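This report walks through one protein chain for a reader who has not seen it before. Please look over the sequence and the structure first.

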Amino acid sequence: MARQFAGLSYWDAQDRNSQRFKYFNNEEKKELRSKGYKNRGWDNVINSWNILQTVQHDNDNTISLSAYVAKKAIKEVEKAELSGNLYAVLDSLKRLIDTPDPEWEALRAIASEN
């Protein structure tokens with residue numbers, strides 16, 4: 001099985017970092033890089049995500065991990081639907097449901113208590 005970080009492949013984790021990083025201005029980007037932000041290589045991608053989590057951005061238009069994973073999965077489902085391949089659609093939906101997500105797990109735990 002391919003290595004994953006927070007349920008994301010290397011390319012998805014790298015893309016998530018890039019999506020958040022692009023909202024910073026040049027001065028903020030320079031500061032992030034001085035803290036070690038480097039979005040290439042597994043260890044750097046993971047470290048960069050941790051760095052991004054410690055920085056509060058004034059124009060923080062970023063999305064949570066849950067929203068990012070759901071958005072990515074929905075795009076895959078839409079792509080599969082366009083192909084007309086029912087198995088691809090079902091497989092994409094299964095991946096959406098099976099995606100590990102701490103926020104969803106917390107909501108499931110609360111729901112099961114009630």
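The model described here is a predicted one.

**The chain as a whole**

The chain has 114 residues, and 32% of them count as buried. Its secondary structure consists of six helices and zero strands. Read from the N terminus, the order of elements is α-α-α-α-α-α. Among contacts between residues at least 6 apart in sequence, 58% join residues that are at least 24 apart. The accessible surface of the chain is about 8000 Å², and carbon and sulfur atoms account for 53% of it.

Helix 2 covers residues 26–34. Its N-terminal end is capped by asparagine 25, which places a side-chain oxygen 3.0 Å from the backbone nitrogen of glutamate 27.

Arginine 33 belongs to helix 2. Is arginine 33 buried, exposed or partly exposed? The relative accessible area of arginine 33 is 48%, so this residue is partly exposed. In sequence, arginine 33 is 15 residues from serine 48, while in space their C-alpha atoms are 9.0 Å apart.

**Serine 48 and tyrosine 37**

Serine 48 sits in helix 3. This serine is counted as buried because its relative accessibility is 0%. Leaving aside residues up to four places away in sequence, serine 48 touches Asn17, Gly36, Tyr37, Lys38 and Asn39.

**The largest nonpolar core**

In soluble globular proteins, nonpolar side chains tend to be buried together. In this model, the largest nonpolar core contains 15 residues. Those that touch the most other members are Phe5, Phe21, Phe24, Leu32, Tyr37, Trp42 and Leu52. Helix 1 (10–21) and helix 3 (42–54) each contribute at least two residues to this core. Helix 3 provides the largest share of the core, six residues.

Phenylalanine 5 is placed in the segment before helix 1. Why does phenylalanine 5 count as buried? Its relative accessibility is 17%, and the cut-off for buried is under 20%. The residues touched by phenylalanine 5, not counting those up to four places away in sequence, are Arg16, Trp42, Ile46 and Trp49. One of these, tryptophan 42, is 37 residues from phenylalanine 5 in sequence, yet the C-alpha atoms of the pair are 8.8 Å apart.

**Salt bridges**

| Aspartate 43 | Arginine 3 | 3.5 Å |

The bridge between aspartate 43 and arginine 3 links distant parts of the chain, since the residues are 40 apart, with aspartate 43 in helix 3 and arginine 3 in the segment before helix 1. Aspartate 43 has a relative accessible area of 56% and so is exposed. Arginine 3, at 45% relative accessibility, counts as partly exposed.

**A nonpolar patch on the surface**

Which residues form a nonpolar patch on the surface? Leu86, Tyr87, Leu90 and Leu93 do, and together they have about 450 Å² of accessible area. Leucine 86 is in helix 5, which spans residues 86–98. With a relative accessibility of 57%, leucine 86 counts as exposed, because the cut-off for exposed is over 50%.

An α-helix has 3.6 residues a turn, so residues three or four places apart point the same way.

Terms used
Residues numbered from 1 in each chain as written. Predicted model: local features only at pLDDT ≥ 70, side-chain atom pairs only at ≥ 80, totals over all residues. Heavy atoms only, no water. Helix = DSSP H or I, 4+ residues; strand = E, 2+ residues; numbered from the N terminus. Buried < 20%, exposed > 50% of the residue type's maximum accessible area, 1.4 Å probe, protein only. Core = buried A, V, L, I, M, F, W, Y, C linked by side-chain atoms within 4.5 Å. Contact = heavy atoms within 4.5 Å. Areas by Shrake-Rupley, 256 points an atom, 1.4 Å probe, with all protein chains shown as cover. Patch = residues over 30% accessible without salt bridge, like charges linked within 9 Å, V, L, I, M, F, W, Y side chains within 5 Å. Salt bridge = Lys/Arg side-chain N within 4 Å of Asp/Glu carboxyl O. Polar contact = N/O pair within 3.5 Å; in protein donor to acceptor, adjacent residues only side chain to side chain.
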